[in-house]
Amino acid sequence: MGALTENLEFPFRRATGLDPPPEYAWLRKTDPVTQVRLFDGSLAWLVTKYPDVCQVATDERLSKERTRPGFPELAAGGKEAAKNRATFVDMDPPKHMQYRGMVEPVFDVEHVKELEPYIQKTVEDLLERMKNMGCEGGPVDLVQNFALPVPSYIIYTILGVPVEDLGFLTQQNSIRTNGSSTAREASTANLELLNYLHRLAEQRLQEPKDDLISKLMTEQVKTDKLDTADAVQMAFLLLVAGNATMVNMIALGIVTLFLNPSQLEELKRDPSVVPAFVEELSRFHTASAMAIRRVAKEDLEIRGKTIKKGEGVIASNLSANRDEEVFKNADKFDMHREWPAKELGFGWGEHRCIAEFLAKAEMRAVFETIFKKLPQLKIAVPFDEIEYTPLDRDVGVVKLPVTWQSNTMASSTPSLRPQTVLVTGSSGHLGRALMLSLPSYGYTPIGIDIKPSSTATFIGSFGDASLLQNLFSLSWLRAQPEVSSSNHPNLEPISHIIHCATLHKPHIESHTKAQFVQTNIADTLTLLEAAANTTSTTTTSDADTNRERTTIKSFTYISTTSTFGRSLSPLPSSTSAGVPKQPAAAHITEQTPCLPKNIYGLTKSSAEDLCYLISSSSSTQSSLPVIILKTSRFFPEADDDADRRNMLADENLKLCELAYRRVDIADVVSACVASIKAQTRETKRVTFAKYIVSGPSPFLDLSQEEDWVRLNTVSPGLDEAGAGAGAGAEKVFAEVAERLCPGIGAVMKQKGWKWLGRLDRVYDSRLAMEEAENGGLGWKPEWTFQRALERILRGEDWRSELTGKVGKLGYHDRLWGVYTTE
C-alpha cells in the first residue's frame, strides 16, 4: 500500500474470514491517527495504536453520547438507532455509572463465581444433547446447537426468563443474529424479543422473583428511578449486546484450535492451559471491534494530531490487540505468550464490557469441557469453506459444521489414516480448489499437472503410464522429496482419483483436434486402465503387503455440460400452418441427448463413453466404480463469447448464470467428495452414474410450457417498476428473484444491474441432490442463487471464499483472446 493520498473508506474489509484488515498494520506503522471516510461521506479520526486506543477509551474530553453532532456512526441503521432511547453504554459520567451500577453487581467477579456451577452444567447439558443427537445423518452445526444456546441460556436465567420460554427466545435471537436471515426477518425477531421482555417486566413488577428483571422493576421502576421502557431497553441490551460476541468467540475458538493443532493437543492433554487460551483468544480475535467510538467535546491532541470539538473518533481495539510494539509476534496465536499489557478484546476503562467476567467464565467452561465430552470432534468442512460473518463487520462464524465419534466407537475402531486422493490437473481451477480443500474433508491430496504450481505435487502427464505406475506404488511415493514425511507422516496408497485435467473449450483456438483427441480421450483411457488394473491385483495374506498395494476405490471424472452441444439451444419450429413458433428453453437433464458441436464437447463425451466401457468391463468382484460429474461453468474468467461479455457487467452476468448454468467452485468440490463417498459406502454403492452439477435452478419450479417459452424470449424492456409490456425472460427473472428474495429488485437497480433478457437452457441438477436410496449423489450445494440474492441484499459477497482463493488462472501461458494468465 502506497502513501495515503485520500481518506480511506471505513469500516475496512477483513483480508479473509479470519484475518484482520491489512490497512490496520499499515496505519500503525505510517499514520496511527488518521482521518477515514464513513458511509455518509463524513470524516472521523481512526486511532490504531495500543496506548492511543486506551487514551480514547478513558479521556473524559471525548463523549460516548450518540446524539451529539459528529458522533461517528458506521451505517445508516446505526444513525437511525442512535435516535432511540439511550442505555448506559451510550451515556457519559455521571449518568453512565449511575445506570450501569443498577445491573453491574450481577456481573461482578463474586457473583460470576457463584454462577460457575450453573454455567458448567449448562455447557455439559448442551454437549450431552449434541451427543445424543448424533451426527450419523450428517454434520451438525456447532453454532446453532451449542455456541448460540450456551450464552443465551445463561443470560436468560440471569434475567429471569422461564425455562419453558428458552427455546422460543433462542430461536428469535438466532434469527436476529444469523447472517442468513433477511432484514425483514431480523427486524421481526427484534420486535418479538422486545415485546416478550416488556410482558415479562410487567409480570415481574406484580410477582417479583430472584432475577435481574425483578430487581430492575422493584428497585428502580417502582422507586421512579427508571420507567418500564428504560428497564426493558436495559434488559434487551444485556440480552443481545454480548450474545453475538460470545457465540462468535466460542466458534472462533474451535476454528483457531484446529488451525493450531499442537496447541489443540496440549489443551486436550492439560485443561489447565484453558485460562491462558481464553486470554489469547480474546486478544487474537477481537469479536467486538468497532464499539470504542467517541465525539470530541473540546479540542484535544492525540499523537500530535489535533482533534477538534465535534469531530468523531474511532479507536480500534482490534488494531491495538495486534500492535507489534506491545505484543511480540502479534499476528501469531500463542496461548503461552508473555503479557506486557492487558488485551483489549472487551474494551478499556469505565465502558469496558460489563459482562467480561461472565463471558470469560463461559469460555473457560466451554473449552475445558468440549473435548472431554467430544474427544473426536472435527470440523466437517474445509477451513476456507467455513461461513464467516461479512468481511466489513466484526469477525465471527455464521455456521460451523462438525462431526465426532463416540468414545465407544473410537475404542472399538482402529485409527483411520487419511485416504489419499490423486488429483489430475491440480494447477487448474478445480484442481487447485480440490488441493486446497480436501485435507479439511479428511483426505490427503496428491496433485499432478504438466504446469508447475504450488498445488502440483508432481509435474507430469496423467497419460504417462510409467508415472502412473510409480504413483500407484506407496514405496515410490514415500521416497520422493515432493512428499516429505513432515507433510505426509501417515501417507496411505492412492485409493481415489478425481480426474480434472483436460483441454478446455478455450483451447480450441490454440490446439489441434489431434491434441484434443490425445489428451481428452487417449490419455484418459491410459488413466482409466491403470486405475482398473489396481482393482484386479490378487490379495495376499500379508497385511503389510496389502497396505503397500494401491487399489482404486473410486474414480470421479469431471466432464462438462458442453457435451450436450446442440441440445442446449433449441431451434425455432413451425406450426402446421407454417407460422414460426418460438421454442421453449431447453430443460437439460442427464437424459438429454449429447450432440457435441465442437471438438471439446465431442472428446469429453467420448471420454464419458470410455468411463462406462472400462467400468462395465471390469470383473464383478473387482470392478472400477466411476462417477461422471457433468459440471456447468465455474471459472471466474470473463465469458469467451463477446456478445455475452457486452451484455452485462461480468459480476452481474455471473450472478444471473447461477440461476440456470453456473455453479460455485466450492459446491463442485463438495460434489467430488460426495462422489467418493457414493462409490465407497457399504450400502447402495454407486458403480457407475452420471450427474449434472450446476447451481439449483429456481426456474425448475415453472410448470407451464408458456413460462419456458418466455424464458427463451427476449424481453422488450422493463420500466422502473419492473413491469413491461412483454413477457420475456427478463420479466420472468425479475418475478422469480423477487419471490425468492423480496427487495432484491431495488438493490439490483441501485447497483445498475439487470436480469438476463433470454435463457436458452436450464440445467437440472436435482438427481445429484437426491439421496442414495433414490439413485442420487447426496450432494448438498450451499452457494445457491437464492443464497446469493440474500447475501447481495445484505451487502455481502455472494461467492464463496474459495472462489477468491483459487482466483483467475487463465488457460494459456501467453495472451490468447480473453483467456490469459496475465
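Lys 373 and Glu 128 form a salt bridge in which the closest N and O atoms are 3.1 Å apart; the term means a side-chain nitrogen of Lys or Arg within 4 Å of a carboxyl oxygen of Asp or Glu. The pair links distant parts of the chain, 245 residues apart, with Lys 373 in helix 16 and Glu 128 in helix 5 (residues 109-133). Helices here are DSSP runs (H or I, at least four residues), strands are runs of E of at least two, and both are numbered from the N terminus. Lys 373 is partly exposed at a relative accessible area of 24%, and Glu 128 is partly exposed too, at 30%. For these labels, buried means under 20% relative accessible area, exposed over 50%, and partly exposed in between (1.4 Å probe, protein chains only).

A word on the model: it is predicted, with local features needing pLDDT of at least 70 and side-chain atom pairs counting only at pLDDT 80 or more, while totals for chains, interfaces and linings use all residues. Residues are numbered from 1 along each chain as its sequence is written, and side-chain values use heavy atoms, with hydrogens and water left out.

The whole structure holds 46 salt bridges. Here are three of them, side by side.

| Pair | Closest N and O atoms |
|---|---|
| Lys 373 and Glu 128 | 3.1 Å |
| Glu 325 and Lys 49 | 3.3 Å |
| Arg 283 and Glu 280 | 2.9 Å |

Glu 325 and Lys 49 form a salt bridge. This pair also links distant parts of the chain, 276 residues apart: Glu 325 lies in the loop between helix 15 (317-320) and helix 16 (356-373), and Lys 49 in the loop between strand 3 (43-47) and helix 2 (50-58). Glu 325 is exposed, with a relative accessible area of 68%, whereas Lys 49 is buried at 4%.

Arg 283 and Glu 280 sit 3 residues apart in helix 14 (residues 274-284), so about one helical turn separates them. Arg 283 is buried at 0% relative accessibility, and Glu 280 is likewise buried at 0%.

There is also a network of salt bridges, which links Glu 279, Lys 342, Glu 343, Arg 352, Glu 356 and Lys 360.

A cavity is a set of points on a 1 Å grid over the protein atoms alone where a 1.4 Å probe fits but cannot get out, and its lining residues have an atom within 4 Å of a point. Grid points are joined across faces, edges and corners, and a volume is the space filled by probe spheres set on the points. The count comes to 5 cavities of 30 Å³ or more.

Ala, Val, Leu, Ile, Met, Phe, Trp, Tyr, Cys and Pro count as nonpolar, Asp, Glu, Lys and Arg as charged, and the others, Gly among them, as polar.

The second largest cavity holds about 50 Å³. Its lining includes Leu 18, Phe 284, His 285 and Arg 322, and divides into 5 nonpolar, 2 polar and 3 charged residues.

Tyr 24 belongs to helix 1 (residues 22-30) and is buried, at 4% relative accessibility. Leaving aside neighbours within four places in sequence, Tyr 24 is in contact with Phe 10, Phe 12, Leu 46, Thr 48, Ser 316, Leu 318 and Ser 319, where contact means heavy atoms within 4.5 Å.

Terms used. 1 Å grid on protein atoms, 1.4 Å probe; cavity = no way out; pocket = protein on both sides within 12 Å on 5 of 7 lines; lining within 4 Å.
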